[in-house]
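Hi there,

Here is the structure I promised to pass on. Have a look through it first, and then read my notes below.

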Amino acid sequence: MSVKATKEEKEKETEEEKLPEDLDLKVKKYLRGGAANFDDLKDKKLKGQLSHREFLYGASAKAAAKYEKWLMPSEGGYLEADGPVEKTWRIKQEDIRREVDISSSRNQHDVILPEFSPYTLDFTSNGQYMAAAGRKGHLAIVDVKNMIPRREIQVGETVRDVVFLQDQSFFAAAQKKYTYIYGQEGIEAHCLKDQGAVLKLQFLKNHFLLASINKFGQLHYEDVSMGAMIGNIRTGLGRTDVMQVNPYNAVVALGHSGGTVTMWKPTSSAPLVKMLCHHGPVSALAFHPNGRLMATAGKERKIKLWDLRKFEVLQTLPGHAKTLDFSQKGLLACGTGSFVQVLSDFSGTQNYSRYMNHSMVKGYKISNLLFRPYEDVLGIGHSMGWSSILIPGSGEPNFDSWVANPFETRKQRGEKEVHLLLDKLPPETIMLDPTKIGTVKTARKKEKSTKKEIEAEMEATVEAVKEGINMKKKTKGRSKPSKKLKKRQEIIAKAKRPFLEQQMHDGQLTIKKQKISEEVALPKSLQRFARKKAAT
């Protein structure tokens, strides 16, 4: 056993010697801040326990840094200018296509379908499938990994929006009169007649809720796992088609014509937050994947970035945007007319600057922008069909197969759907700060009762005591009327005592507060005129 132990120790030492030189940087990434200083601690036992805990934190961070090269082998790239003269936004898609590999160059394509346009796009969470909805009734499911159309249907009426549900097996389409849910084969599975003429759809994947806003400004929440209406809210702020879900807390945000942005949850008829973002109508909004940053665009030609922890403006950029979208790595795409602009924040200071530009063919009007998950691809729905361009550094290079697997099989997809249903969250868990779930609610201080309330409660108690008094008959003159009256008065006085004591206590407190306030209120120049206490 000792020989084996020595061999294992030697193998560990050789592995540690083979670690890369930038291990310290990776260890700092996983550490919980700097190490604490225990020199001032006098308790030796406590000092030993805390130092041992710090050692465990360091060991776990070192192990995570060592295994990072196997768990996350890929690194995200981005465009980098050669010098101060060259700018990344001047690099065109033709230049990028010549430099990338063949599989990446296939992600650049243009599908021209003017007879069904304009188009709205949506991707599955793993980025393998795309749903395209033409305004004139064309619905298509495309395997964008292999560029194979899986299903195409013509519904024969206006389609305003499309969204995937839990995976590619079901998708919802907001049509002229009602919202319909279709299966992967294009067969109609359900018709949601209660929602009316819907303008925008969003799906809350952790709660299995389909959120929609109709042309009358009514917000609906439909549980697609049970087929039940969870929420029907009248916003009272008019018609809007600007709607987005915060991926951090599943709160739905709406942009209105008055320049306000409201945030909603299904269990409340009033908005959680109502903030004035622009002086004109809100044309688009988007949330960062971390949920702490929100981008809004207004008709007064301003794009604002908001810190949702403080509800303050971080940055204001000039420009108009009809559609906005954040990528997995935090790039912001803005689309207006036939022009796409991508803003970047690679420094992590939340100061966005111009990164890439792309001009569509003259006459194309952009209706929708959407980044494809786990790929450096931006999907564009426009007035002549749909297109996709390459945006280096936009997609997450390492995927978690438990969250979204781009290479999942049919069996894995079935198991994943079962796990999602088992892990489904109730609508009550939707709130601005989801970290409050599982914490202990602090007891509120009991509000002081007013004088009238105390008197009313005392009278009610006295009446109850009077009704409950039952005098027993006693012999030898102890049941005289005078003695009964005295006993009755004693019982009533005993019932009144706690209320009277409370009134006296409150009165003494108010007198003390008045005295303190009088002493504090006097300025220094008038303190010599204050009433002095009598010397004893």
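To start with a strand: how many bridges join strand β1 to β28, and do the two run parallel or antiparallel? There are four bridges, and β1 (residues 109-112) and β28 run antiparallel. As you browse, please keep in mind that this is a predicted model.

A hairpin through two residues connects β27 to β28.

β28 is also mostly covered, with six of its six residues buried. Gly385, Ser387 and Ile389 point one way from the strand, while Trp386, Ser388 and Leu390 point the other way. Residues on both of these faces are buried.

Next, the charged pairs. In general, side chains of opposite charge can pair when their charged atoms come close. A search of the whole structure turns up six salt bridges, and I picked out a few for you.

Glu185 forms a salt bridge with Arg151, with 2.6 Å between the closest N and O atoms. Glu185 sits in the loop between β8 (179-183) and β9 (188-192) and Arg151 in strand β5 (residues 148-154), so this pair ties together parts that are 34 residues apart in sequence. Both partners are partly exposed: Glu185 at 49% relative accessibility and Arg151 at 32%.

Glu396 forms a salt bridge with Lys329, the closest N and O atoms being 3.8 Å apart. Because Glu396 lies in the loop between β28 (385-390) and α6 (410-422) and Lys329 in the loop between β22 (323-326) and β23 (332-336), the contact ties together parts that are 67 residues apart in sequence. Glu396 is partly exposed, with a relative accessible area of 22%, and Lys329 is partly exposed at 43%.

Asp307 forms a salt bridge with Arg309, where the closest N and O atoms are 3.3 Å apart. Asp307 counts as buried at 7% relative accessibility, whereas Arg309 counts as exposed at 55%.

Finally, the cysteines, in case you were wondering. The search of the whole structure finds zero disulfides. Cys277 counts as buried, at 2% relative accessibility, and Cys334 counts as buried too, at 4%.

Happy browsing, and do write back with any questions.

Best wishes

Definitions and conventions:
Residues are numbered from 1 along each chain as its sequence is written. This is a predicted model: local features need pLDDT of at least 70, side-chain atom pairs count only at pLDDT 80 or more; totals for chains, interfaces and linings use all residues. Side-chain values use heavy atoms; hydrogens and water are left out. A disulfide is a pair of cysteine sulfur atoms within 2.5 Å. Buried means under 20% relative accessible area, exposed over 50%, partly exposed in between (1.4 Å probe, protein chains only). A salt bridge is a side-chain nitrogen of Lys or Arg within 4 Å of a carboxyl oxygen of Asp or Glu. Two strands pair if DSSP finds at least two bridges between them.
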